[in-house]
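Please consult the display below alongside the text.

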There are 2 protein chains.
Amino acid sequence: MSICSKNSICSDILRTHMGKLGQSDGLAPETILAAVDAGTMVVLANPAHKGVTPTLIGQPARVKVNANIGTSMLVTDVAMELEKAKLAKKAGAHALMDLSTAGDLTEIRKSILAATDLPLGTVPLYAVAQRHVAKGKDPSDFGEDEIIAEIAEQAASGVDFMTLHCGVTRRGVELAAESGRVTGIVSRGGSILGRWMRRHEAENPFLTRYDDILDLCLAHNVTISLGDGLRPGCGADAGDGAQWEEVINLGRLADRAKARGVQTMIEGPGHVPLHLVQGQIQGIKRLTGGAPLYVLGPLTTDCAPGYDHIAGAIGGAMAAYFGADFLCYLTPAEHLTLPGPDDVWAGIKASLVAAQSAETALGRPAAVARDLGMSKARADLDWEAMASFSLDPDLLHKRRAMHSKEKECAMCGALCAMRMMTGENFECPSPKDGEAK
Amino acid sequence: MSICSKNSICSDILRTHMGKLGQSDGLAPETILAAVDAGTMVVLANPAHKGVTPTLIGQPARVKVNANIGTSMLVTDVAMELEKAKLAKKAGAHALMDLSTAGDLTEIRKSILAATDLPLGTVPLYAVAQRHVAKGKDPSDFGEDEIIAEIAEQAASGVDFMTLHCGVTRRGVELAAESGRVTGIVSRGGSILGRWMRRHEAENPFLTRYDDILDLCLAHNVTISLGDGLRPGCGADAGDGAQWEEVINLGRLADRAKARGVQTMIEGPGHVPLHLVQGQIQGIKRLTGGAPLYVLGPLTTDCAPGYDHIAGAIGGAMAAYFGADFLCYLTPAEHLTLPGPDDVWAGIKASLVAAQSAETALGRPAAVARDLGMSKARADLDWEAMASFSLDPDLLHKRRAMHSKEKECAMCGALCAMRMMTGENFECPSPKDGEAK
């Protein structure tokens with residue numbers, strides 16, 4: 001037992017919100033307390049984020065979905081980012097990350113924090129690097145203290161979780177360089193730190209200053225999401241030495257955080273072929289002491305740009321089935337452009353399909369009941385009930401609009417299998433009015 | 001060795017087209033011949049279908065994708081069906097099924113046959129039943145001879161493969177009724193036959209007349225797709241006695257067909273939770289002697305209407321990895337309405353993502369090379385090469401249009417990881433013109 005005894009904010013949050021937390025995740029209070037204490041579950045909530053909905057991530061809480069939003073140098077439209085934040089909540093996301101890299105990053109972050117009750121995550125390194133890029137300088141020109149200052153500022157402003165690439169070491173970067181990787185280092189954060197370490201001939205400042213970072217995160221109950229800066233950027237690179245070197249480091253860093261009472265999650269791949277997903281997830285979980293695992297996809301093929309939300313749903317469903325806890329969405333815009341509002345919606349829904357598929361397979365009661373409820377509604381041709389169990393009731397109604405008078409779906413019409421076996425007399429809808437009698 | 005020695009059309013097709021077949025599937029002629037002869041692979045092609053592209057389905061041929069099109073009593077627009085047929089080919093489908101149930105079915109089928117070189121499949125029972133429904137009668141009013149006549153007519157007109165629900169028995173129907181299924185019988189064909197057997201108090205005519213059917217199919221090299229009329233219609237029904245009763249029958253029917261030289265495929269589920277996909281596929285393959293397996297999904301959750309192409313891609317990827325050979329697409333319209341052209345496109349692409357994911361995981365050389373080619377193109381920021389390896393080059397160009405001047409993708413812009421580690425001097429794109437230097 002360690003987290004709660006050392007992190008008074010975390011234990012206060014659990015005490016205050018236990019009723020709602022237990023209800024939304026279908027867990028007993030003692031289950032939640034024990035898991036958070038052991039570091040196998042986190043509760044995302046920084047008290048400085050006004051109105052934040054505390055959110056559980058980790059076994060055996062429900063699988064959660066994160067949506068990334070944020071500006072980029074090539075597309076900077078803060079109003080659109082706020083729209084995406086609202087849409088993400090409506091679509092069913094459980095958390096947001098602001099990955100902005102252009103514009104006034106502090107103002108953008110504060111606007112999003114004010115606009116959403118979803119836990120918000122960031123990557124503080126982006127702000128540090130962008131400050132130098134904006135001046136026409138090298139993104140790795142920053143000093144160690146700038147990192148600490150940025151984390152302090154963001155923690156005080158209410159950021160609930162932060163991706164910090166503390167496990168990228170000089171050894172890891174050299175392993176990545178020497179191992180003949182096809183796509184090298186593909187994490188923005190990992191590559192900036194790789195560049196920094198080479199130019200400064202020094203170890204990763206997120207690692208050397210880890211104790212300072214733990215102090216800041218403890219003071220605000222910021223959950224550290226230990227970033228996977230050396231994650232594979234393509235299927236061919238999955239599972240190489242550089243990746244596992246970092247995972248080993250992340251496990252040790254998670255231990256150090258736990259000893260201080262700081263909550264941590266582990267970030268995972270990435271790009272992983274289907275047959276390696278099980279081994280990746282189980283290996284990462286083993287090496288990180290069962291800490292909550294936050295995966296990006298994984299993408300089970302590299303050649304689906306425009307459909308990466310689908311490739312990511314395939315990998316995400318399997319990852320969650322084998323133990324991943326938190327799915328970062330991928331949108332149809334991945335690898336191509338910044339996601340627009342439609343992409344955000346599509347990405348979240350795809351991740352929810354993956355999460356629901358995994359939870360049903362795991363026998364989680366809420367997911368099983370939802371699938372069963374839908375199936376019974378189908379047998380009854382009860383469209384209102386179907387909508388209530390659907391992952392997107394509005395879409396169901398929209399697609400049914402032209403057939404709203406019919407009981408049967410338009411695929412089978414009069415030959416509806418649901419009605420075929422019942423009744424002595426066949427009720428034959430007239431082709432003219434099409435309405436069920 | 002049996003098929004080729006008894007089916008002269010099939011062996012002629014293999015002889016004539018072996019060069020192209022071997023090339024498109026990356027297989028040696030002897031591999032193809034042995035697999036077709038053993039009944040673990042089929043070559044879809046009815047010589048009466050002018051210009052048809054003979055297509056291999058079965059291990060170790062490449063995983064293929066089928067698109068269902070066709071009218072329904074509630075949506076009858078033949079021009080749209082022809083458009084969907086063309087679009088399906090463009091999107092990358094390898095076969096089509098015409099599932100029309102309204103309008104002049106013979107004319108619709110002939111129009112589609114004339115319009116496509118993809119192998120075309122049908123469900124002759126629909127035409128038989130619809131003829132009675134159109135007269136305001138019960139869909140099960142037909143006699144046995146009507147079935148034989150319809151199959152003969154369709155075989156002569158050039159249909160390349162037919163779904164025939166020969167394995168639905170009275171025992172299977174009673175098992176389905178008694179087992180407390182949530183959604184009963186959900187196959188249109190299975191439910192019509194169930195109704196027929198109950199009303200006529202007789203065994204399934206597709207089973208009792210199976211020898212006549214084999215004669216007709218042999219005469220035109222029509223591949224029989226042994227339909228799964230008792231497939232589970234929801235996750236909760238997957239794997240019950242009725243389903244396996246039918247699979248056992250299908251295996252025996254496939255043996256009888258092979259003994260006559262008739263090519264067969266087996267149709268599979270349906271709705272199957274993630275953790276049961278492996279067992280389902282392996283069980284069906286075992287019971288059917290490794291015959292080519294043609295799956296619909298399987299859907300790994302029931303509550304994703306509007307996103308069934310994604311739930312189907314999750315199940316389809318796993319199914320193909322465990323041995324399924326032929327993926328029937330599911331579109332975003334599944335369970336809701338007839339698919340429109342956009343749905344057809346989305347459904348095929350989702351199935352292709354699943355097929356590519358499975359083939360990469362299986363180490364199939366073409367799939368691995370495609371993923372690797374894409375990954376190398378990414379490392380080089382070579383967008384033309386990325387398009388060439390992409391499952392949808394047009395979509396890639398469309399989504400990139402506003403960034404076509406930039407080398408980097410708009411997600412990272414100046415902080416592009418692909419460029420971060422290379423070069424001493426950081427090339428900083430100006431935020432104003434955004435163009436890479």
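Are helix 7 of chain A and helix 11 of chain A roughly parallel or roughly perpendicular to each other? The model is predicted. In it, helix 7 (residues 144-157) and helix 11 (residues 210-220) of chain A pack at an angle of about 5 degrees, and these two helices of chain A are therefore roughly parallel.

**Helix 7 and helix 11 of chain A**

- The axes of helix 7 of chain A and helix 11 of chain A are 9 Å apart.
- Helix 7 of chain A contributes Ile148(A), Ile151(A), Ala152(A), Ala155(A) and Ala156(A) to the contact, and these meet Asp212(A), Ile213(A), Leu216(A) and His220(A) of helix 11 of chain A.
- By class, the contact of helix 7 with helix 11 of chain A has seven nonpolar residues, one polar residue and one charged residue.

**Interface between chain A and chain B**

- Chain A gives 105 residues to the contact and chain B gives 104 residues.
- About 8600 Å² is buried between chain A and chain B, with 69% of it on carbon and sulfur atoms.
- Arg399(A), Met411(A) and Met421(A) account for 9% of the area that chain A buries against chain B, more than any other three residues.
- Between chain A and chain B there are two salt bridges.
- A salt bridge joins Asp343(A) to Arg399(B), with the closest N and O atoms 2.6 Å apart.
- Residue pairs in polar contact between chain A and chain B, with both residues at pLDDT 80 or more, number 26.
- Elements giving two or more residues to the side of chain A that touches chain B include helix 6 (124-134), helix 9 (188-200), helix 14 (308-321) and helix 15 (341-361) of chain A.
- Helix 15 of chain A gives the most to that side, with 11 residues.
- The side of chain A that touches chain B is made up of 59 nonpolar, 26 polar and 20 charged residues.

**Helix 15 and helix 16 of chain B**

- Helix 15 (residues 341-361) and helix 16 (residues 365-379) of chain B have axes that come within 7 Å and cross at roughly 105 degrees.
- The contact of helix 15 with helix 16 of chain B comprises two nonpolar, two polar and three charged residues.

**Salt bridges across the model**

- Over all chains, the count comes to 50 salt bridges.
- One of these joins the side chains of Glu150(A) and Arg109(A), at 3.8 Å from N to O.
- This pair links distant parts of the chain, with Glu150(A) in helix 7 of chain A and Arg109(A) in helix 5 (residues 105-115) of chain A, 41 residues apart.

**Backbone geometry**

- Most residues other than glycine have a negative phi, and most peptide bonds are trans.
- Gln59(B) and Pro60(B) are joined by a cis peptide bond, with omega about -5 degrees.
- Pro60(B) lies in the loop between strand 2 (55-58) and strand 3 (64-69) of chain B.
- A cis peptide bond also runs from Gly297(B) to Pro298(B), with omega near -5 degrees.
- Pro298(B) is placed in the loop between strand 9 (293-296) and helix 14 (308-321) of chain B.
- Leu381(A), a residue other than glycine, has a positive phi, near 50 degrees.
- The loop between helix 16 and helix 17 of chain A holds Leu381(A).

Terms used
Residues are numbered from 1 along each chain as its sequence is written. Chains are lettered from A and ligands numbered from 1 in the order in which they are written. This is a predicted model: local features need pLDDT of at least 70, side-chain atom pairs count only at pLDDT 80 or more; totals for chains, interfaces and linings use all residues. Side-chain values use heavy atoms; hydrogens and water are left out. Axes are lines fitted to C-alpha atoms, for helices over the stretch in contact, and angles run from 0 to 180 degrees between N-to-C directions. Helices (H or I, at least four residues) and strands (E, at least two) are DSSP runs, numbered from the N terminus. Angles under 35 degrees count as roughly parallel, over 145 as roughly antiparallel, 65 to 115 as roughly perpendicular and the rest as oblique. Contact means heavy atoms within 4.5 Å. Ala, Val, Leu, Ile, Met, Phe, Trp, Tyr, Cys and Pro count as nonpolar, Asp, Glu, Lys and Arg as charged, and the others, Gly among them, as polar. Buried area is the accessible area (1.4 Å probe) that two parts lose on being put together, summed over both. A salt bridge is a side-chain nitrogen of Lys or Arg within 4 Å of a carboxyl oxygen of Asp or Glu. A polar contact is a pair of N or O atoms within 3.5 Å; within protein, one must be able to donate a hydrogen and the other to accept it, and residues adjacent in sequence count only if both atoms are side-chain atoms.
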